[in-house]
Amino acid sequence: MELGESVADRLFEIGKERGLAGYHVLLSNVYAAERNWDNVDRVRKEMRERGLRKEPGSSWIQVGDWSHRFMSRDESHPENDQIYAMLRGLALEMKSPGYDTTLEPSDSDSTSSSSSSSMTTLWDAGAT
C-alpha cells in the first residue's frame, strides 16, 4: 500500500501539467483492492474538484484492410447489432456446461473448427 501511494504521488507530479486522471484512478483502484473506501472517496473527490475525468477505454481490431475502434459503452459502430449479437452468443457459450476456459491451444482440430463454425453461425444469426 505504501509503495503504491509513493508511486502515485510521483506520477501525480509527472501528470499534473497534462491534467491526466489515470494516475488518480490507479490509486483509487489500489485503495479499493484494500477495501479502503474512505480513501477511494477522497481520491475520487479530488478528481472531481480538479475537473479530472478518466478517458473511456477503447480497443482496436483489424479485419482485412480495415481497423475498427471500439470505445467503452459506444454503440455507434455501423455493425453494432451484429457485434452485440455475437457477444451475447459467445457469453452464452462460455456459460454452458463443459466449456473449456483454459488458454492453452487445443490438440484437436475439431475443437477449433467447431468454435470457428459457431462464431460464424452467431455472426450470421446476428445479421438477420
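1. Helices here are DSSP runs of H or I with at least four residues, strands are DSSP runs of E with at least two, and both are numbered from the N terminus. Keep that handy for arginine 35, which lies in the loop between H2 and H3. Phi of arginine 35 is near 60 degrees, a positive value in a residue other than glycine. As background, most residues other than glycine have a negative phi. Arginine 35 is also exposed, with a relative accessible area of 64%; exposed means over 50%, buried means under 20%, and partly exposed is in between (1.4 Å probe, protein chains only).

2. A word on what you're looking at. This is a predicted model, where local features need pLDDT of at least 70, side-chain atom pairs count only at pLDDT 80 or more, and totals for chains, interfaces and linings use all residues. Residues are numbered from 1 along each chain as its sequence is written, and side-chain values use heavy atoms, with hydrogens and water left out.

3. Now the overall layout. The protein chain has five helices and two strands, and along the sequence they follow the pattern α-α-α-β-β-α-α. Of its 128 residues, 18% count as buried. Take the contacts (heavy atoms within 4.5 Å) in the protein chain with a separation of 6 or more: residues 24 or more positions apart account for 37% of them.

4. How do H2 and H3 sit against each other? Helix H2 covers residues 22-33, and it packs with H3 at an angle of about 165 degrees, the axes being 8 Å apart. The axes are lines fitted to C-alpha atoms, for helices over the stretch in contact, and angles run from 0 to 180 degrees between N-to-C directions. H2 and H3 are therefore roughly antiparallel to each other. For the cut-offs, angles under 35 degrees count as roughly parallel, over 145 as roughly antiparallel, 65 to 115 as roughly perpendicular, and the rest as oblique.

5. Staying with this pair, H2 passes H3 in a left-handed crossing. That label applies if the near helix is turned anticlockwise from the far one by less than a right angle, and right-handed if clockwise. Residues of H2 that meet H3 include His24, Leu27, Tyr31 and Ala32. On the H3 side, Trp37, Val40, Val43 and Met47 are among them.

6. On to charged side chains. A salt bridge is a side-chain nitrogen of Lys or Arg within 4 Å of a carboxyl oxygen of Asp or Glu, and by this rule the count comes to two. One joins glutamate 46 to arginine 42, at 2.9 Å from N to O. Why are these residues about one helical turn apart? Because glutamate 46 and arginine 42 are four residues apart in helix H3 (residues 37-50). Glutamate 46 is partly exposed at 23% relative accessible area, and arginine 42 is partly exposed too, at 36%.

7. Glutamate 49 forms a salt bridge with lysine 45, and here the closest N and O atoms are 3.9 Å apart. Both lie in H3, four residues apart, about one turn of the helix. Glutamate 49 counts as exposed at 59% relative accessibility, while lysine 45 counts as partly exposed at 46%.

8. The strands are worth a look as well. E1 (residues 58-63) and E2 (residues 66-71) run antiparallel and are joined by six bridges; two strands pair if DSSP finds at least two bridges between them. Which residue in E2 does serine 58 stand opposite? Serine 58 faces methionine 71. Further along, tryptophan 60 has arginine 69 as its bridge partner in E2. The hairpin of E1 and E2 has two residues between the strands, and glycine 64 there takes a positive phi near 65 degrees.

9. Arginine 10 is in helix H1 (residues 2-15) and counts as exposed at 53% relative accessibility. Arginine 10 and tyrosine 23 are 13 residues apart in sequence and 9.6 Å apart in space, C-alpha to C-alpha. Glutamate 13 also lies in H1 and counts as partly exposed at 46%. The C-alpha atoms of glutamate 13 and tyrosine 23 are separated by 10.0 Å, with the two residues 10 apart along the chain.
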